[in-house]
Amino acid sequence: MAANNKNHKDGNRSGGFKNIGGTYKKYVAAGAMLALLAVVISNSKVTSNDAKKPQDGLFAETTGDEENTEPFEVDAYPQVNELAEEYFRYYADGDVDAIAKIAHPITETEKSYIKMFSNYLDSYEDIKCYTKKGIEDGEYIVSVTCDMKFQGIDSSAPQIHRFYIRKDEDGTAYIDNAYSQFNQSRQENKTDESINALLAAYEQSKDVISLQKEIKREYDSVLEKDEELKTMVMATMQDAISEWVASFEPQTSEDDNQSQTDKKDTDQTDQLERTAYAKTDVNLREKRSTESDVIKTIKEGAKVTIVGVSKDGWFQIKNGSDTGFVKKEYIESEDAPESGSEDETPADQTQTRTAYAKTKVNLRKKRSTDSEVIKTLKAGTKVTIYGTSQDGWFKVKTGGDTGYVSKEYITTDPSKVEQTSASSNTKTRTAYAKTKVNLRKKRSTSSGIIKTLKAGTKVTIYGTSQNGWFKVKTGGDTGYVSKEYITTDPSKVEQTSASGNTKTRTAYAKTKVNLREKRSTSSDILKTLKAGTKVTVYGSSKNGWYKVKAGGKTGYVRTEYIVSSQSKVEKEENTNERTSASRYLNEGDMVRLSESVNVRRSMSESADRVGLAYEGDVVTVIMSYAEGWTKVSWNGQTGYVKTEFLR
């Protein structure tokens, strides 16, 4: 039997929001959290009377009847801000593994959504945290405002998100993702009733409502001014989320799984029964197993009826008088196989939408670049898409011809069509290498290097980025460069000195701050810089950190703690001066940390870490030493911290 081993996705799901119902609405509502789509937001509101469900929508309307009188604390907890910055940096990168370390539990559903959504993101900027206390000490409800920047769009979309932050056993702060807006809308994780009630009251407090309205006004204003951004969130992202909804296999909770187990396979509703076709010759089996007995072999193109939803990668189907199971990848449930006539898939039986060829592209008979070309479409050719993509291809109709086009060459946004010059070349623009970077043969860091470009090298970009890479030409060579190293603004190029070293400049520590080994607040501290310490800054900031040199040590400092002028250095008042290194503390004293510090196993900044203690944490003094260190008890462990950090 000829087997097709490609992983075909289950079709026959609506590609548009109007026809997405039941379980899928949960995804759409969750999509509102990050996509800011008006159509989604309007569908994701819950009633303000439900004290057990905080509202899903970004700008959901609330009555304000219940008043939480505790005021916001704005950017009051460094560990909260750092956590939010990490979360959004990982989100923009689509790094779900990194997110899972700081925001858990995280479901496969949300991971899939993040990966899809991050394909359109550039970054999150201007992050600000509005905090109120949670149920327990060290727990916080946080409204985070930020600006979301899409790839290729000049303006940013104002955002507001809500998190519930807790600390784990070793005192490390994390986002309890069970209370995220995504998971609250999906309800895939169990939650605590008291926290749900607190969140519901929080959402109805006047200052929260006021903040939501403020962000909504800013959002409406920027969309009104930037048509490209408006098209992105109102059209492109709607289509992207709709396609994700249609293609992603929803998870079910344990209760749902148990419910389904208790039912017989034939107890599916008539609404779930649908017509499909065999993609190739395939065995109809008695059970969901390739070891099960074969009832009969269904021929390629044979019409079958799918009974219910897929389970364990199998469909239960009817063919003639026989009912059995077939692996889902061998069933085409969206439309008739290519060998059939056009009449087998009438347009009124499959959802359609208008789209355009992004560039010059072939319309093929089958979903394969090896398939026969029906005709070549020019950039901008208007087409009708049938249903959703399968295996990375859309079924389209144009000018009386029906065939298949790779989805990367199709767009529903006419502004994304690549304009061509008189010579029919793809639209190009001039750009520059931001820093020293490799020009590669393919869109991969594992691909061969054609040559290395110096910072400032002038390049020609072809079209738009794909998978985070630009196709560029420079000095007769054409290849690919990761988009993060390319800029159209020559002022953003990292300048180098005559010796070839990265350009440096003098700056100062704005306040007392740690010089760290890596770009992370969890990285080892090399030394602590006093306010006003003169430093040498290398190049520009990266991920919110500067590489600096101070007193013979080179490391990293957060950008907000570095200033270009001594006049901007913050002077500490006498009442806030740290305890001097020579001062002794008494055994048994309970002392609060003046800032976040590494607790060490011995009296050395190079000693192994016991853990990271946050500003405001209370430690118990065991013994104070003349060397400027104090042995403390912290979170059930013992270690050493610099005495100067103890108030």
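Start by selecting helix 7, residues 193-203. Helices here are DSSP runs of H or I with at least four residues, strands are runs of E with at least two, and both are numbered from the N terminus. Most of helix 7 is covered, with 8 of its 11 residues buried. Buried means under 20% relative accessible area, exposed means over 50%, and partly exposed is in between (1.4 Å probe, protein chains only). Colour the buried ones: Ile 195, Asn 196, Leu 198, Leu 199, Ala 200, Ala 201, Tyr 202 and Glu 203.

A quick word on what you're looking at: this is a predicted model, where local features need pLDDT of at least 70, side-chain atom pairs count only at pLDDT 80 or more, and totals for chains, interfaces and linings use all residues. Residues are numbered from 1 along each chain as its sequence is written, and side-chain values use heavy atoms, leaving out hydrogens and water.

Now zoom out to the whole chain. It has 10 helices and 40 strands, and 47% of its 647 residues count as buried. Take the contacts (heavy atoms within 4.5 Å) between residues at least 6 apart in sequence: 61% of them join residues at least 24 apart.

Next stop, Thr 398 in strand 18, residues 393-398. Is Thr 398 buried or exposed? Thr 398 counts as buried because its relative accessibility is 8%. Show what surrounds it: not counting residues up to four places away in sequence, Thr 398 touches Leu 363, Lys 375, Leu 377, Thr 381, Lys 382 and Val 383.

Hop over to Ile 295, in strand 9 (residues 294-298). With a relative accessible area of 33%, Ile 295 is partly exposed. Which residues is Ile 295 in contact with, leaving aside neighbours within four places in sequence? They are Leu 284, Arg 285, Glu 286, Asp 322, Thr 323 and Gly 324.

Last, pick Asp 93 in helix 3, residues 78-93. Asp 93 is exposed, since its relative accessible area is 57%.
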